[in-house]
Structure formats: structure tokens, C-alpha cells
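Please open the model in your viewer and keep the selection panel at hand. The tour goes from one selection to the next and says at each stop what is there.

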Amino acid sequence: MAWFRKEKKPRAPRPQRLEIPADAWEKCEACGHTDIREKFIRNLNVCPECDYHRRIRAIDYVNVLLDDGSWEEVLGDIRSVDPLSFPDYQARLKKARTVAGEYDAILTAAGTLAEAPVNVGAMDFAFMGGSMGSVVGEKIARLGQRSLERKHPLIIVSASGGARMQEGVLSLMQMGKVAAVLSQLAERRIPYISILTNPTTGGVSASYAMLGDAIIAEPGAVIGFAGPRVIKQTLGQDLPEGFQTAEFLLDHGMLDLVVHRRDLKQTVGRLLRHMSGKPAATGWAAS
Amino acid sequence: MASTPTLEFERPIAELEKQIDELKRLADDQKLPVASDIAPLEQRLQSLRQQVYRNLTPLQRVQVARSSKRPFTLDYIRLCFTDFIELHGDRAFREDAAIVGGWARLDGETIMVIGHQRGRDTKENLKRNFGMPHPEGYRKALRLMKLAEKFHVPVLTMIDTPGAWAGLGAEERGQSEAIARNLFEMSRLETPILATVIGEGGSGGALALGIADRVLMMENAIYSVITVEGCAAILWKDGKSPEMRERAATALRITAPDLLENKVIDDIVPEPLGGAHANHVSAAQTLRDVLIKHLDELRRIKPDKLVRRRREKFLKMGQFLA
Ligand SMILES: [Zn+2]
């Protein structure tokens, strides 16, 4: 996993070129705005034109939240097995590891956020749709355990279509496993912040995603228990505009805040300082 | 109950039952001594049931678990407990009849019983929403659990749902939060919790009553992360054909022996020959005895130790390489 630790330096600006190669252009999925990739990346992959929050990887969220050079991956060697001998599961896992990485659908890291130590679990939609199987449950449980032992706040960034079918009811039980850890954190008054990104549905939304001491979502993220397609099917009609978006959930009292990606770190930092009885950080208190 | 359709693989049983019934009626009407004719038929019925139920495929188990002839929560409440007083409402939005609950007595001792409730006919299913709760149902369940904890009374849950309801209102009122809250609160409830999957244990909607010190399953019940139809539709683009449904039912490992093997449940409650629907009274009697046994053991454990063990139990679930 050494390549994570090496990638912490901010990207050096590319040397000026006369011609921009075709693959350096990217297009916003929402408004169609086309720009050079660098510009999207500099903007944390939020469209400069319409503010659409594009999907980013687990490592990107860890970099967004944690201080540069402060973090390292922890619990990185827990691997999925195929407990039910489920058709094609081994092949899917192999493919996901190639496409997404070895860390399964969650990257777990320990580092500092505005110099305060925290533990972060960031889910990765690129790994089998961010599905939660035994490994995701176990990594969150152990990360929570680490938070308990060190009294460091826990942050989980969710991005998931739900439980991983291929591990059957064992995946379902991970919801109970994580709830068991979170109830311990609550008793010991260790803050837990839940960040919901696009999408957060199914078993993940019905467990740790909705149990934060603060629940924050990125703008436009689709959040719900049942996926929009399933509801459309049961209803037999189209869903109302904006149904199950972060803004819809905020309106219905299910979230504390909808926060732009560029403000995520500061917002979480301020919340954690309130919950830990620390004074406001310099430069943060004014706004 | 006669109006509900017979399961395909139970047709030979149903036909033999009909034959015996007719013979008995004939004997009654014409005062004929037919005992000697009936005895061998009943023997055959017995062995036919044995044969069919010993060889159920996973998909057939799904059909049995969902059968509307099976005893439901309120049937078990009537047959296993006494002195039941149903309590209603979540005190926030409304009453949800897809979950029932209230005070009752098991072997004379007060318990709080909470379970999903399905309907046998269209009218009742409209009221019960086919046993698929809205958030209010889960919040009512949690309210009753807290009430039980307050008065040091154990909680007995009965799981029997295709899943939590997927609809506009359910989403608006926080289906996810309601389920998540139950998982969280059940992880720290300081009173014994004993859960039994009596029919279909469908996904998060089932688990919201399923964080317990002991989890039991009726012999022909199922417990799954997704419906076999949903699984087959997602993986093989075909949630309808019997072949693909059978494939999903087999792959998901949803039967009671599967779950015992994977250490998700603690005990299997045997059903009478031909399934719980063949004899409600006998099924309930067995369940009652098993509940008494487990509850006796749980009552001896101090609340804080119960909670610690309950958490440890769920923390151990899952399989991985570390
Ligand atoms: Zn755009």
C-alpha cells in the first residue's frame, strides 16, 4: 500500500504546453461543461460551471479531510473471502481489486484534521458499487475500536448502493456489527461524524450513515433506503423532482447540513471542536 | 384458510387430504364404519408429507416461509402467550399495523412481544401492508422496547416481513433512520431480547427487530439480505423465472440450517410434519417451550453483561481474511 503514502504531496502544476491532448479534457456529467482535467481536479472535482459534485475516490476524500502528509492507511490487510461460494463472486472481487484497489469498498485511515487526531473510513463506490460485506463491516468496527481506545473521533464517508449480495445474510449482519460499535462510542462520548455522498442507499443508509452525531451530505447526493428505481416500480409513476436528494432530506429533517466539498474539512473540524470542548481554531470562528 | 392457493409441490398432499375428508364425511352421513379404510390413507399422508418436506429446495422453502397459511405473529401470540394487551402508535406520526406489539405473559411471566404482522386476505393485507412497515412501525417497536426496558421486562420479537416498505412517505419520514435507530438502541437495551424469524426475514426491515441476545429461526423460515427475486433480477436480469429464482435462493444460503452454520442464528425451532401451517397449535407449542428455555437462561444474566455479550455476538459476525 506504499503508493498511498507517496501520493500526499499537492500536485505540481503541469508545464505549459502548446497542445492539450484530447484525453486531458473532461465533461461535467450534469451540465455538459467541458474543461481541462486539471481545472476539475483543482476544484475537487466539483463542476466550476454548475457546482455538480462529481464522484471521487476514497483516497480523494481522505485527502480532502485530513491534513497533508498527516495520515496513513490502517487496517489495510483485511481481505474479502467467498464465504457462500457465491456464483462469480471471486471473479468480481478480482476485477474490483484491479479496478479500484486492494482495500475493498472502504479505505481506513488515521491522521489529523486541523491538527486533531481522527480516524476516517472512506467508502469507495468504484469497488463493487461501495457494497458492504464482511470486510467493510469489520474495518469500520476495528476503526471504531481504535477510536474507543484512543478517544479519537470517528468520521465515515459513505458511498454505497447497500449490502453486498454475494455474502448473503453475513452482509446484512454488518449493519448490526457497526451499530454495536457506534453504541459504545456514544456511551464514551466520542464524536462520530457521518458524511453522505452520492449515492448512499440500502443497508449503509439504514445503519451507520444515519447514526452520526452530525450527519452531513454533499449537495445533490442521492440518499435513501430504497433506491429510486425500486420506489418507481412500486409506485408505478415518476418520482417527484429532487426526491431523495440531500436537499430533500435536509428539508425533511433527516440531515444536519448540506455542505459543499470545499467546505467539508472546515465544517467537520468546527463540529468536532464543539463536541470535544475545544476553542475555535484560528481563522474558523469568524464565519 | 381454505381459500388460499396450495403450493405446487404440496398438491399431492392436498389431494390426499381432500380424499380423506370426503371419506370421513361420507362415513358421518351414512353412519358407515370406515376407520379401516381411512387408517392406511392417513399413514400414506404422513409419509407423503415426510417425503415432500425432507426434500424441500431452497426456493420451495421460500414459498413455505411466505405462505399465508403459516401462523403469523398474532397467531403465535394467541397460542403461546396469555393476557395480551396490544399497544398502538409511535407517538409521533401514526399507528402502523404492519408491526404489532404489546404486553403479554409467557408461562405466567410478563414479556413485551413485538412482531411483523402479515394479512391473510386482501382486506387485511391492505391494513397490514403485507407486513412491510413504514418508519412509524419501527419507531413504535422501539418505543415498546424502551417501555419493556423501563420495567425490566424481556423483549420477544417475531420477524415475518418481505422487507421495509419502499415508498414516498416511508422515505420522506426516514425509513433509513428508523431502522438504523433500532439497530443502535437494541445494541444497548438493558433487558433480554429474544428474536425469532417465524416466516420471511427480509433484509433491513427484518434486522430492525433482529438485534437480540439469541436469534431463533423456525425450521422453514428464511432470512436474507435481499429477496430471491431482487437478487436474480440484479445479477441475472431475470427475477421471474423459477430457474433463476431457484439459483438465487440456493446461492444466498437463506435457510435455517445455512444460517446456523454461518453462526448468524443460535437455534432452529422444529416445525410439525408438513410445516407450521399443517398444525398451528403444535408449532406454537414447540416454539413456546423453546422460548421459555432460552428466556430462562437470559434472565439469569445481569443487564450490563447481556449488553456486552450481545455486542460481542454481532461483532463476531462475518467472514474475511485478516
Ligand atoms: Zn456542470
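Begin by selecting S7(A), helix H6 (residues 168-187) of chain A and S8(A), which together make a right-handed β-α-β unit; a crossover is called right-handed if, with the strands pointing away from the viewer, the path from the first strand over the helix to the second runs clockwise. Helices (H or I, at least four residues) and strands (E, at least two) are DSSP runs, numbered from the N terminus. This is a predicted model, in which local features need pLDDT of at least 70 and side-chain atom pairs count only at pLDDT 80 or more, while totals for chains, interfaces and linings use all residues. Residues are numbered from 1 along each chain as its sequence is written, and chains are lettered from A and ligands numbered from 1 in the order in which they are written.

Within this unit, S7(A) and strand S8 (residues 192-201) of chain A pair in the parallel sense over six bridges, where pairing requires that DSSP finds at least two bridges between two strands.

Seven of the seven residues of S7(A) are buried. In a regular strand the side chains alternate between the two faces of the sheet. Here Leu154(A), Ile156(A), Ser158(A) and Ser160(A) point one way, whereas Ile155(A), Val157(A) and Ala159(A) point the other way, and all are buried.

Zoom out and colour chain A by domain: the assignment gives domain 1 (22-54) and domain 2 (55-275), with bounds that come from an automatic or database domain assignment. The C-alpha centres of domain 1 of chain A and domain 2 of chain A lie 24 Å apart, and their contact takes seven residues from domain 1 of chain A and nine residues from domain 2 of chain A.

Then show chain B, whose secondary structure comes to 14 helices and nine strands. The radius of gyration of chain B, taken over C-alpha atoms, is 21 Å, close to the 20 Å that the globule rule (2.2 Å times the number of residues to the power 0.38) gives for 322 residues, so chain B is as compact as a globular protein of that length. Along its principal axes the C-alpha trace of chain B spans about 65 × 50 × 40 Å, and buried residues make up 49% of its 322 residues.

Select the interface between the chains, where the contact takes 42 residues from chain B and 47 residues from chain A. The largest share of the side of chain B that touches chain A, seven residues, comes from H8(B). That side of chain B divides into 25 nonpolar, 11 polar and six charged residues, where Ala, Val, Leu, Ile, Met, Phe, Trp, Tyr, Cys and Pro count as nonpolar, Asp, Glu, Lys and Arg as charged, and the others, Gly among them, as polar. A strand pairing also links the chains: two bridges join strand S4 (residues 79-80) of chain A to S9(B), and the two run antiparallel, with Ser80(A) opposite Phe320(B).

Two residues of chain B make the last stops. Leu315(B) lies in helix H14 of chain B and is buried, with 21 other C-beta atoms within 10 Å; leaving aside neighbours within four places in sequence, Leu315(B) is in contact with Ala141(A), Lys177(A) and Ala180(A). Arg299(B), in helix H13 (residues 280-299) of chain B, is partly exposed, with 13 other C-beta atoms within 10 Å, and touches Pro154(B) and Pro192(B), not counting residues up to four places away in sequence.

Notes. Two residues are in contact if their C-beta atoms, placed from the backbone, lie within 7 Å. A residue is buried if 20 or more other C-beta atoms lie within 10 Å of its own, exposed if 12 or fewer, and partly exposed in between; C-beta atoms are placed from the backbone.
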